[in-house]
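This report covers aromatic contacts, the disulfide and a surface patch. Please keep the sequence and the model at hand.

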Amino acid sequence: MATSEDAAPTPESTGSPVESRGRIRLRRTALMAVPAVAVGAVLMTLTAQGVLAAQFAISGMPFTVTADSLEGVGFEQFGSLDHMIEGSPNEGDTGGQVLVIVSAIKQAELTKLCQSVDLGGVNLLIKAGDDGTPVTATDLTTDSDLVSGDASFKNIEIGGDASTYTKAGVQGLPGVFGQQADTVTIRNLRQHNYATTAAAFKLPHLRLSFSSEGC
């Protein structure tokens, strides 16, 4: 549609269940304490744990998504925690949890979509929607730790309880800070994602390749 690394030792390195519980509480506290909305150059909302996050264990390998433009009808955004499998080789010092921005769009169109994932010296590259027909998606959700672009909204509501939201057909947990709007437009979109889901995803002029450079 880069966060600074946690310097605290991992539960595996300390072997302390108290520290493990403390890390989880700290992450959830951070979600509660840092609700932020920037409308314009950067679009981000970090909130308490939501219920929408990807319904699968993430690999922990982030991927980049860019698009010249995104046009969306029915928009919601709030925060969540994504989880890797136990003992994932990609968990690093995260404890297997990644704090993410969940963006949900009921109907989306993306022009000149590019997606790349770094496989270690070579990028798996996907391009579509650049031949005059945009990429389209229904019930699109993305889990990101960075979203940037030039954004505009129609009938935006900021700071509402995400459990009451209806614009994209999903809800967060009660008490979750979030935002929703009738429409969203983002030019020069760039996302650093951990997961994407959609009920339907059409990618005209799709090309899949390997490249030394990402999006």
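## Aromatic pair

F75 and F153 are both buried. The model is predicted. Searching the whole structure turns up one aromatic pair. F75 and F153 form this pair, with ring centres 5.6 Å apart.

## Disulfide

A disulfide is a covalent bond between the sulfur atoms of two cysteines. The whole structure was searched, and one disulfide was found. C114 and C215 form this disulfide, with 1.9 Å between their sulfur atoms. The angle about the S-S bond is -85°, and the link of C114 and C215 is left-handed. C114 sits in strand 3 (residues 113–118) and C215 in the segment after strand 9, so the bond ties together parts 101 residues apart in sequence.

How do the two cysteines stand in terms of burial? C114 has a relative accessible area of 9%, so C114 is buried. C215 has a relative accessible area of 23%, so C215 is partly exposed.

## Nonpolar surface patch

Which residues make the nonpolar surface patch? M61, L119, V122 and F210 do, and the patch is about 350 Å².

F210 lies in strand 9 (residues 207–211). Its relative accessibility is 59%, so F210 counts as exposed. The cut-off for exposed is over 50%.

Key: Residues are numbered from 1 along each chain as its sequence is written. This is a predicted model: local features need pLDDT of at least 70, side-chain atom pairs count only at pLDDT 80 or more; totals for chains, interfaces and linings use all residues. Side-chain values use heavy atoms; hydrogens and water are left out. Rings of Phe, Tyr and Trp (its six-membered ring) pair if their centres lie within 6.5 Å; planes under 30 degrees apart count as stacked, over 60 as edge-to-face and the rest as tilted. Buried means under 20% relative accessible area, exposed over 50%, partly exposed in between (1.4 Å probe, protein chains only). Patches are made of residues with over 30% relative accessible area and no salt bridge: like charges are joined within 9 Å, nonpolar side chains (Val, Leu, Ile, Met, Phe, Trp, Tyr) within 5 Å. Accessible areas come from the Shrake-Rupley method with a 1.4 Å probe; for residues, only the protein chains shown count as cover. A salt bridge is a side-chain nitrogen of Lys or Arg within 4 Å of a carboxyl oxygen of Asp or Glu. Helices (H or I, at least four residues) and strands (E, at least two) are DSSP runs, numbered from the N terminus. A disulfide is a pair of cysteine sulfur atoms within 2.5 Å.
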